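Subject: Structure handover and notes

Dear colleague,

I am passing on the structure below, together with notes on what was found in it. Please read them with the structure open beside you.

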Amino acid sequence: MAERRTFTDVLTVLVAVAFAAVGLMYLVLSPDPVMKFHGTVLALSAIIAALFVLPNKLVQPFSTPGSDVDYCDGPIKFATIAAVFWGIAGFIVGDLIAWQLAFPALNLDLPWTSFGRLRPLHTSAVIFAFGGNVLLATSFYVVQRTSHARLAGRWAPWFVVWGYNTFIVIAGTGYLLGVTEGKEYAEPEWYADLFLTIVWVVYLLVFLGTLMRRREPHIYVANWFYIAFIVTVAMLHLVNNVTLPVSLLESKSYIAYSGVQDAMTQWWYGHNAVGFFLTAAFLGIMYYFVPKRAERPVYSYKLSIVHFWTLIFLYIWAGPHHLHYTALPDWTQTLGMTFSVMLWMPSWGGMINGLMTLSGAWDKLRTDPVIRLMVVSVAFYGMSTFEGPLMSVKAVNSLSHYTDWTIGHVHSGALGWVAMISFGAIYCLVPWLWNRKALYSIKLVEWHFWTSTIGIVLYITSMWVSGIMQGLMWRAYDKLGFLSYSFVETVEAMHPYYIIRATGGALFVVGGFIMAYNVWRTIRGDEPVDAHEQPRVAAAPALRAQMI
């Protein structure tokens, strides 16, 4: 065993040295200043990783002993802390650009603080940095506990979380420096995409390797959603990001597709990034953490099977509804709309399964704000998955498309569903991972819940009103057949709603800081300030729950 560990350590250091060499090559040889900078980032990241691996004594403190399984929780701790950090960063940037829309002078006439560069930074930070780290943390935690097996690989799980966050830094700084492919949710340039592909393949191998060594005969349903997420996102990433770099030493590249083929490929990717990154994966969180926190089994085993298979089959075909009234063939648009409407059934089946898991434990909504975060998130999941198919119907889409209604819809899913279920998972994970009796303060969770919920409501309702008003103003004609309103008049009419949205976003940022403070005090080991008010919850992984 010692020889095997030594070999693995040496191999890991050699991989780190190889990445450092590639980074230094770009630093020295590339004529592109952005490429030089990102080469430096890659080299420093690889060097830090090698220095972490060399002293073997660092391995043990990052493992959490179980009854008969020495779980690998170090990478999970890292990803959890990274999620809190990136979440606050993404929320702040999002609120800043919301204020920029209300008051354009806040762009500051600087290229790297302009809306055009900060907007992709915001979306990537919230979706991929915050959401991605939450998924890494929860998937690694859940697959170990439900399999009763340690994560596969000695250093591979660390490579996944460290490599993924290195990718986040490269991608985010690229946006600020003006390097982007210009594709929605797929902004990073070719070299960042290539690096992410390597990280993602290792992620898949670690996850599947852990399942293969499981001691439980069945695979819990949450793991099926995680597998679907990992495999499908890999496929989406590989197909949508086929590019031709100008030079192997320069950042610029050109997409291999053109015209309507590029649009179709992009929104096949874009909608399924929502479907499998922001929906299927976070349903994995719901199926583990809601039953765990409520101390109840999943409401329906059969419904969870139907939910999984129908969702992953239908979601993949819904992308064309983003391209109504475009050059895309009409039959393709109609097909996308049809599958979108059909998604109502599995989506609401999953929502019902999540909510009804609280059967016999509804009193916990009054006493446990963490459960309340999760249940509200499931309610938002149901609401946004009702609104999405509705907006895909051509008659509705003719009014909603290109308006703020779409922005409100996206954020009802992103803030209400994704962020709230993530907050609940983080509040569960932190005491478990750091072996604390309870969170530092349950009242701070209560404050976080209400500030975030009020912020979401302000955000979504203002965008609903603004968006519907936009659509109606754009299509209004006078009796002579001329447009009743100029574009500038519609922008002026939206101004008060933009202020309301930015105010709601500010409340959400405040909630993020409350969470960060609570998490920090909990990790530090401070005595809970309201221990007598803390709800009784399960303290460790529940094995042999309902499984597939």
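Thr451 counts as buried, at 13% relative accessibility, where buried means under 20% relative accessible area, exposed means over 50% and partly exposed lies in between, computed with a 1.4 Å probe on protein chains only. This residue is found in helix H16, residues 442–474; helices here are DSSP runs of H or I with at least four residues, strands are runs of E with at least two, and both are numbered from the N terminus. Leaving aside neighbours within four places in sequence, Thr451 is in contact with Leu507, Phe508, Gly511 and Ile514, contact meaning heavy atoms within 4.5 Å. Ile407 lies 44 residues from Thr451 along the chain, and the C-alpha atoms of the two are separated by 20 Å.

Before going further, please note that this is a predicted model, in which local features need pLDDT of at least 70 and side-chain atom pairs count only at pLDDT 80 or more, while totals for chains, interfaces and linings use all residues. Residues are numbered from 1 along each chain as its sequence is written, and side-chain values use heavy atoms, with hydrogens and water left out.

Helix H16, which holds Thr451, also takes part in a helix pair. Two packed helices are described by the angle between their axes and the distance between the axes. Helix H13 (residues 369–392) packs with H16 at an angle of about 15°, the axes being 9 Å apart; axes are lines fitted to C-alpha atoms, for helices over the stretch in contact, and angles run from 0 to 180 degrees between N-to-C directions. H13 and H16 are therefore roughly parallel to each other, since angles under 35 degrees count as roughly parallel, over 145 as roughly antiparallel, 65 to 115 as roughly perpendicular and the rest as oblique. Their contact is made by Pro369, Val370, Arg372, Leu373, Val376, Phe380, Met383 and Glu387 of H13, together with Ile442, Val445, Glu446, Phe449, Trp450, Ile456, Ile460 and Trp464 of H16. By class, the residues of this contact of H13 with H16 divide into 13 nonpolar, no polar and three charged, where Ala, Val, Leu, Ile, Met, Phe, Trp, Tyr, Cys and Pro count as nonpolar, Asp, Glu, Lys and Arg as charged, and the others, Gly among them, as polar.

A second pair is formed by helix H5 (residues 156–176) and helix H6 (residues 190–212), which pack at an angle of about 155° with their axes 9 Å apart. That angle makes H5 roughly antiparallel to H6. The residues of H5 that meet H6 include Phe159, Val160, Gly163 and Tyr164, and their partners in H6 include Phe195, Leu196, Val199 and Trp200. This contact of H5 with H6 has 17 nonpolar, two polar and no charged residues.

Ile76, Lys77, Thr80, Ala83, Val84 and Phe91 in H3 meet Phe423, Ile426, Leu429, Val430 and Leu433 in H15. The residues of the contact of H3 with H15 comprise nine nonpolar, one polar and one charged.

Most residues other than glycine have a negative phi, and most peptide bonds are trans. His148, which is not a glycine, has a positive phi of about 55°; it lies in the loop between helix H4 (115–147) and H5 and is buried, with a relative accessible area of 12%. Tyr185 likewise has a positive phi, near 65°, is found in the loop between H5 and H6, and is buried at a relative accessible area of 15%.

Val143 is found in helix H4, has a relative accessible area of 0% and, leaving aside neighbours within four places in sequence, is in contact with Leu151, Phe207, Thr210, Leu211 and Asn223. Gln266, in helix H8 (residues 259–294), is buried at 7% relative accessible area and touches Lys183, Glu184 and Asn240, not counting residues up to four places away in sequence. Cys72 is buried at 3% and Cys428 at 1%, and a search of the whole structure finds zero disulfides, a disulfide being a pair of cysteine sulfur atoms within 2.5 Å.
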